[in-house]
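Let us walk through this structure step by step, starting from one residue and then widening the view to the whole chain.

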Amino acid sequence: MKALILAAGLGTRLAPITNDRPKSLVPVNGKPILFKQLDNLICNGVSDITIVSGYKADILKESVNENYKDIRIIESVDYASTNNMYSAYIAREAVKNSDFLMMNADVFFDESVIAGLLNFTGTPDAVVTDIGNYIEESMKVVEHEGRLVKISKTIKPEEALGSSIDIYKFSAEGGNAFFAKCAEYIEQKKELKMWSEVALNDIFDKIEFRACPLNGRWLEIDNHDDLAAAEKLFAE
């Protein structure tokens with residue numbers, strides 16, 4: 001199993017903390033978000049890890065190399081004019097034809113979340129879902145007869161199974177279908193500012209994805225209120 005971490009974003013809503021570091025290196029109770037993700041993966045036996053950097057890429061690279069060995073880092077020089085679909089697309093060769101996990105680098109979560117996803121037997125392709133929790137800013141998922149049929153931020157509360165925590169498991173087949181759809185948006189349609197979930201949504205009719213129930217705590221950190229909430233949630 002490989003892992004792909006998308007960490008190119010600007011993190012403007014966390015300024016001034018992000019004035020001198022990328023959003024992924026913002027600490028929660030002293031632990032940078034990215035380092036928590038790396039530790040979670042490594043503790044669960046996932047060591048083939050690729051990070052897509054962007055904003056303050058040199059600082060991210062230096063910090064990761066000081067603390068971890070053999071982490072692949074791909075720099076998105078166009079981070080300011082693109083979105084995370086583009087980040088995933090430029091890293092496709094690192095995980096192509098392989099099973100892999102993909103996540104955004106602004107989610108602080110328990111190690112048990114990765115354990116639960118790796119042990120999930122429903123389908124090879126899965127979305128970690130906080131079932132029953134509707135979060136306005138998060139991607140939500142819709143389920144029909146056990147499989148996921150839609151992922152979007154605009155799903156209505158009465159339709160939603162729950163909120164995605166932006167952690168995904170792909171089979172080789174699922175990943176290849178996902179990257180083919182990313183290429184369609186980026187190479188053919190020249191749409192560079194799309195969420196990766198747009199491409200994911202488009203392959204639900206071809207690849208069976210199921211909701212992997214959340215196993216642990218999580219919080220997406222976009223602003224100072226989120227950071228304060230995360231420090232309280234993970235205080236123990």
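Leaving aside its neighbours within four places in sequence, which residues is S87 in contact with? In this predicted model, S87 is in contact with L6, A8 and V52 once those sequence neighbours are set aside. As for its own setting, S87 belongs to helix α3, which covers residues 84-90. Its relative accessible area is 3%, and because buried means under 20% relative accessible area, S87 counts as buried.

From this residue we can turn to the chain that holds it. Its secondary structure comes to eight helices and 13 strands. The radius of gyration is 16 Å, close to the 18 Å that the globule rule gives for 236 residues, so the chain is as compact as a globular protein of that length.

The interior and the contacts can be described for the chain as a whole. Of the 236 residues in the chain, 53% are buried, and S87 is one of the buried residues. When contacts between residues at least 6 apart in sequence are considered, 73% of them join residues at least 24 apart.

The surface and the charges complete the picture. The chain exposes about 10500 Å², of which carbon and sulfur atoms supply 47%. Among its side chains, 26 are positive and 37 are negative, and the centres of these two sets lie 2 Å apart.

How values were computed
Residues are numbered from 1 along each chain as its sequence is written. This is a predicted model: local features need pLDDT of at least 70, side-chain atom pairs count only at pLDDT 80 or more; totals for chains, interfaces and linings use all residues. Side-chain values use heavy atoms; hydrogens and water are left out. Helices (H or I, at least four residues) and strands (E, at least two) are DSSP runs, numbered from the N terminus. The radius of gyration is taken over C-alpha atoms; the globule rule is 2.2 Å times the number of residues to the power 0.38. Buried means under 20% relative accessible area, exposed over 50%, partly exposed in between (1.4 Å probe, protein chains only). Contact means heavy atoms within 4.5 Å. Accessible areas come from the Shrake-Rupley method with a 1.4 Å probe; for residues, only the protein chains shown count as cover. Lys and Arg count as positive and Asp and Glu as negative; His and the chain ends are not counted. The place of a charge is taken as NZ of Lys, CZ of Arg, CG of Asp or CD of Glu.
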